[in-house]
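Here is a friendly walk through a few side chains, pairings and helix contacts. Keep the sequence and the 3D view open as you read.

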Amino acid sequence: MAIVRANVLICAGSACVSSRAYEFKESLLKALEEAGIREEVNVVDTGCVGTCDLGPVAIVYPDGVFYVRLKPEDAKTIVNEHLLKGRIVNRLLYQQAMTKEVFPSLSEIDFVAKQKRIVLRNMGIINPESIEEYIAREGYQALAKALTMDPEEVIDTVKRSGLRGRGGAGFPTGLKWELTRKAKGNPKYVICNGDEGDPGAFMDRSILEGDPHSVIEGMMIAGYAVGASKGFFYVRAEYPLAIKRLEIALEQARNYGLIGENILGTGFSFDIELRRGSGAFVCGEETALIASIEGRRGEPRPRPPYPANKGLWDKPTVINNVETLANIAPIILNGAEWFSSIGTEKSKGTKVFALAGKVNNTGLIEVPFGTSLREIVFEVGGGIPGGKKFKAAQTGGPSGGCIPAEYLDLPLDYESLKQIGAIVGSGGLIIMDEDTCMVDVARFFLEFTQSESCGKCPPCRVGTRKMLDILERIINGEGEEGDIERLIELGNEIKQDSLCGLGQTAPNPVLSTIRFFRDEYEAHIKEKRCPAKSCRALIAYQVIPDKCKGCGICARVCPVGAAQGKPREIHFIDKDLCIKCGDCFAKCPFGAIEKVDILLVKT
Amino acid sequence: MKSLEDLKRIREQAQAQIRLRTQEANTKIIVGMGTCGIAAGARETLMAILDELAKRNIQDVVVTQTGCVGLCEYEPLVNVVKPGQPKITYMKVTPERARQIIASHIVNDQVINEWVLSTEEGV
């Protein structure tokens, strides 16, 4: 047998795959072949490392050297320098955005060093398509342990751990299990809600892609605890890689007898089926999701009865989010006390956030509850690009709200966020800087929920449309006195009168931006001015004569011929022709084009 | 898989497969793999080291490489770094010498003085 002396782990999450990770892998294999060391180096696909912005990335063990932004042609250099001669390839290492410091190993970089990885424990270490590697990392040990406990004892452990649902609402998981166990009716079911739909949230996809067995194991423990023998994964069809890896994982577990009859000789039987959702946002709502699995139109129904009593095919059903289930195995293995020692008083454990927007390190992070936004943005996230000012963060996607700069030091957990009108939600965390218009942010999220409203109840169907109309008017400079009050009134009514979580939370982004950035709304309405200079109808581009060198680049990039001028003479922008695409502003090498309020240039 | 024992057995086998990624190594063996080292047979030495470690089932040792340190005529050079001990550099390490170094230095903590080129404190 050949001796393997190094492992190269290539991130095979969706983000890295789409930035050509597999092409890099191909050329790496070829380069290893050419160097004659193919046998000595193990090349392995692994789950999302989290540093999606730096992809494709690879980690070389035993040293744990972390290479970023790999191109296929870099493979040869890594083989010839690092794997053959042991010289780390400096130019491919991660560089901290602010300090320009270079870090060779993954565990040292700011992005990773500040995290606590429970759910993401196997990302970047194991191959998600290998059940053996999952087992090597204590995989299925928690199931084995749970099967030697009483189901009540398992539920008690989860209850004492303080784990709460990670899908958004934060309902105590152990309590949900207990209610389902006590509910009358047979058979009982477990459903894993993998219908992740918030714009900007991708933690569930990454977990399913990167460590599918951890979710399967969590589901089986849930099944044992509530007395179910059948589970369903509901994953949206837009997640082809997650579905593929989950199918492979289910097949492997079945072949090993970890799914099926009489598991590990304990008499417990459990089977799992995978259902694809067609991507309606409302199907993330549990009753709509259940309807969808049953083959009916995905529409929510009133609760109670809750799924715990009357769920799938009217049978008692426990429905948990992907990330929630991924937390189960470590809790069973390490105990409730271990888990509840992490986090804050009422929010235990960690939360995975999808960090996006105006931040240097975008990607997937996992931090304990109670971590402040400042730590997330400026330490894990590496700060705001271009030295711009932090303005706000949107949590919980279209159901959530914004956190303004004055709350940067607030410890994030379910309670603290609720207090300021935001929510933890599924964990989308979008960072906004001074160039972001908050009215436009509210419009963006409302546009999303408005089009995803299933239409069953009028407050949501008609109300969100009305709110969106008002917002669009404001953004176009046609806002009227009283619009803000109308938005608040409509928003509160929609929240009160909607049947399901979609409508009940859809107005949140609007209400929360009004709460913290009312002055921006007022500037749009009263002064017809966008303070962030982002809303096209309210700005104009113009040349600063003192800075213009007459290079003509603006004239060349302008798609409509609005930027004009003779070579080496000061250029100008024809306001009537300009479509405000911003190309000239972005391309001018001398910073000679500025955005101004449209009122200032109207004559 | 029928029982807990089966699961345990699979786990132990699989752990070997991912050991390189998870181990916390105490001891480091560094092989000089510059052009000079490779020409002097450092690859064979490296393979011998890995083979010997595998044979003896030694798990807490990391084997890495380094480039040319300018002492080309003494290649292949092999450094052994044990925690709390000076770095020992062995010279002209043939595969046979490598196996003996593992037996003597790694396992029994006995430095083989006649092959030592240098001893460096504080690394």
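## A glutamate on the outside

Let's begin with E489(A), which counts as exposed at 52% relative accessibility. Please keep in mind that this is a predicted model. E489(A) sits in helix α19 of chain A, the stretch that covers residues 483-497.

## Where two helices cross

In chain A, helix α18 (residues 458-475) and helix α21 (residues 508-526) have axes that come within 11 Å of each other. The two axes cross at roughly 40°.

Which residues make the contact between α18(A) and α21(A)? On the α18(A) side they are M467(A), L471(A), I474(A) and I475(A), and on the α21(A) side V510(A), Y521(A), H524(A) and I525(A). By type, the residues of this contact comprise seven nonpolar and one polar, with no charged residue.

## Salt bridges in chain A

How many salt bridges does a search of the whole structure find? Over all chains, the search gives 54. One of the pairs is D74(A) with R91(A), whose closest N and O atoms are 3.2 Å apart. This pair links distant parts of the chain, 17 residues apart: D74(A) belongs to helix α3 (residues 74-85) of chain A, and R91(A) to the loop between α3 and β5 (94-95). Are the two partners buried or exposed? D74(A) is buried, at a relative accessible area of 6%, whereas R91(A) is exposed, at 56%.

Another pair to look up is E247(A) and R276(A), whose side chains meet in a salt bridge at 2.9 Å, N to O. E247(A) counts as partly exposed at 37% relative accessibility, and R276(A) counts as partly exposed at 49%.

## Salt bridges in chain B

R9(B) forms a salt bridge with D6(B), and the closest N and O atoms are 3.8 Å apart. Both residues lie in helix α1 (residues 4-22) of chain B, three residues apart, which is about one turn of the helix. R9(B) is partly exposed, with 43% relative accessibility.

Chain B also has a network of salt bridges, and its linked members are D51(B), E52(B), K55(B), R56(B) and R99(B).

## Cysteines without partners

How many disulfides turn up in a search of the whole structure? Over all chains, the search finds zero. C11(A) is in no disulfide, and the nearest cysteine sulfur, in C16(A), is 3.6 Å away. For reference, a disulfide here needs two cysteine sulfur atoms within 2.5 Å. C11(A) counts as buried, at 3% relative accessibility.

Terms used:
Residues are numbered from 1 along each chain as its sequence is written. Chains are lettered from A and ligands numbered from 1 in the order in which they are written. This is a predicted model: local features need pLDDT of at least 70, side-chain atom pairs count only at pLDDT 80 or more; totals for chains, interfaces and linings use all residues. Side-chain values use heavy atoms; hydrogens and water are left out. Buried means under 20% relative accessible area, exposed over 50%, partly exposed in between (1.4 Å probe, protein chains only). A salt bridge is a side-chain nitrogen of Lys or Arg within 4 Å of a carboxyl oxygen of Asp or Glu. Helices (H or I, at least four residues) and strands (E, at least two) are DSSP runs, numbered from the N terminus. Axes are lines fitted to C-alpha atoms, for helices over the stretch in contact, and angles run from 0 to 180 degrees between N-to-C directions. Contact means heavy atoms within 4.5 Å. Ala, Val, Leu, Ile, Met, Phe, Trp, Tyr, Cys and Pro count as nonpolar, Asp, Glu, Lys and Arg as charged, and the others, Gly among them, as polar.
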